Amino acid sequence: MATISLEGVTKAFKGKVAVDNIDLDAADGQFLIIVGPSGCGKTTTLRMLAGFEKPSRGVVRIGGRAVNDVPPKDRNVAMVFQNYALLPHLTVAKNLAFGMRIRHEPRKTIEREVTAIAEMLGIGSLLDRKPAELSGGERQRVALGRALLRKPNAFLLDEPLSNLDAALRAQMRFELKRIHAQFGVTTVYVTHDQVEAMTMADRIALMNHGHLQQVAPPETLYSEPSNSFVASFIGSPKINLVEAQVLRDTETTVISALSCKIPVNGDLGSTLRRMDGDSVVIGLRPEEIRPCAAGTDGLPVFQGLVELVEPLGSETHVAIRVGEQTLTCRFPPRSGLEAGATVNLQFDPQQMKVFDAESGTRLG
Amino acid sequence: MGTTPATDSPPGAGQPRLEADLPTSPGAGVRLWRASSHRFLPSLVMAVIGVAFLVPLGWLLLAAFNPHATSGMAAPTFSVTNFRAAFSAGAGRDIANSLYLAGVSTIVATVVSTLAGYVLSRHYLPLKGPVLVGVIFLTGLPIPLLLIPIYQMFVQVNWLNSPFYTSLVLAATSVPFAIWLLKNFVDQVPREFEEAAAVEGSGQMRILVRVVVPLIMPGILVSAILTFINSWGAFLIPLVLDSNPNDTPGAVGIYNFITANGQVQFGPLAAYGILFSLPVIILYIISSRWLSGGFSFAGGIKG
């Protein structure tokens, strides 16, 4: 087991920068998930950890040792590939034993450990089958088993669940988490699915265009996004990003949005005082917008037209048109709303996130 | 990519029989007749071609067992005197020589072209494109053109009259096509297989032997069979480079029946021909079982 760190790592392919000067580390035993849209550099980052790509600049460390020049076979990491990469000419048992045989472990040990891991993963009855005879979930387990038998310093997983159907994916999320708890191996997991990231990670590193956007535990990433990209990437349904304007008179600063004037004070107020007339973007999570009777609590109230109601059973998603904007709201079940109805809405300005309109940087 | 194991019968194999089984349905007979008339011309062409191939083969079989065989076809009398004559003329030794030449050249050519095909597929090489074009060009060079300089070289290094060095030249004639073939097979192998083996602790050579070679085995077999057949039938190279009568391979030895005594000994020639064909036929039968497995990574990679 080991810590993992990337120090100022850049990777360029023929002049095209895939990963741009990132600093990232995972503590011993941590479950770190790198998430981001396709082409954001997350897989390249993982491949640098595995040793398949060499950083153009910067240092990759595993267990404190710089491994830039260490070939994959000597890094003692295990990897699970998106497409499993099980050798089709070998049975499940031989695929599991592949690495151990290369490492010349005694035949008795191999047999014992392969059987044990297969039992643990529920593939004990499949040992004599070839990969072609297995379902997606079963292949996934074999790939996991092969990685576990490596007894690695670190696990590297590259979108391991993306070829599975939804139900199986949910089950495997749970199992991966359980396996991680059981073995406690430092894990770096790459995915484009924010749900996987939120449900499994100790810490999430969110990447976009080769840059690290934010590294934080899931709750922090959700509640305190550092910019509008992070805010919109994490959370389902997506956060509502609403264009707004800063207005200021002698005493107060207000944000004008959704036909309301929202007073701001404190640190945010003083930041915005310098931005009179500027555009900003406010972020409101779907659950932060609530229906209300007119004019309560002194909170900003605005009106909207219900466009679409999606009852999910445990909650209801409602699309509401406010001026030019359509807001997605998450209401309790049986909200009694119907398309075409007009509703009063309010939110708590304390929960509102304000971003710079151009850079997307969080202002408060 | 299916999760059920593949069945042996191709899809739709039962279709024509199904139609024939249902003569009661109106118009079935007409449809059947139309279907067969539709296939009449292609079938006729196939039959003509088939006969054209079968006649010489039939002559070979009949003549081999006929002690008084001529260039014409005659009812056989089933005697093995021709085979005795063939053996006493050295058929056994010649075939053993052919096996040696073809075996050594197949092993050498297959090993060399597997390594070269892998490197050309996977690694950055300066001038890789021109090298590959050159390789394809080399497959087209006529062997007689190369043989004179090769003979000169063999004289210089004193390699003449050696079956081993002769087989190296035979291997060299097969290597360009084999490289080209195997490079394309390696191209088809997803890199994840190699990367998975690498993180498991395999070095480059072990990845090649344990992962890539099994995956491209159909290609290696095709290349080996082509090399073997090429070397098995080679006439000019062993004739020129090895004049020791004890080293004569089958393809050269069979020539003795044509020129000896100024006339053709048809019976022993046919018997010799059958004996000489047997190893290749056996090779075909064995390899076809292997090759029918096909070239597929099913199950290993999903995508």
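Q: Among contacts in chain B between residues at least 6 apart in sequence, what percentage join residues at least 24 apart?
A: This is a predicted model, in which local features need pLDDT of at least 70 and side-chain atom pairs count only at pLDDT 80 or more, while totals for chains, interfaces and linings use all residues. Residues are numbered from 1 along each chain as its sequence is written, and chains are lettered from A and ligands numbered from 1 in the order in which they are written. Two residues are in contact if their C-beta atoms, placed from the backbone, lie within 7 Å. Among such contacts in chain B between residues at least 6 apart, the share joining residues at least 24 apart is 75%.

Q: How many helices does chain B have?
A: Helices (H or I, at least four residues) and strands (E, at least two) are DSSP runs, numbered from the N terminus. Chain B has zero strands, and its helices number 15.

Q: Is Ala2(A) buried or exposed?
A: Ala2(A) lies in the segment before strand E1 (4–13) of chain A. A residue is buried if 20 or more other C-beta atoms lie within 10 Å of its own, exposed if 12 or fewer, and partly exposed in between, with C-beta atoms placed from the backbone. Because 21 other C-beta atoms lie within 10 Å of Ala2(A), this residue is buried.

Q: What distance separates the C-alpha atoms of Ala2(A) and Arg61(A)?
A: Along the chain, Ala2(A) and Arg61(A) are 59 residues apart. The separation of their C-alpha atoms is 9.6 Å.

Q: How many residues does the contact take from chain B?
A: Chain A supplies 29 residues to the contact. The number taken from chain B is 23.
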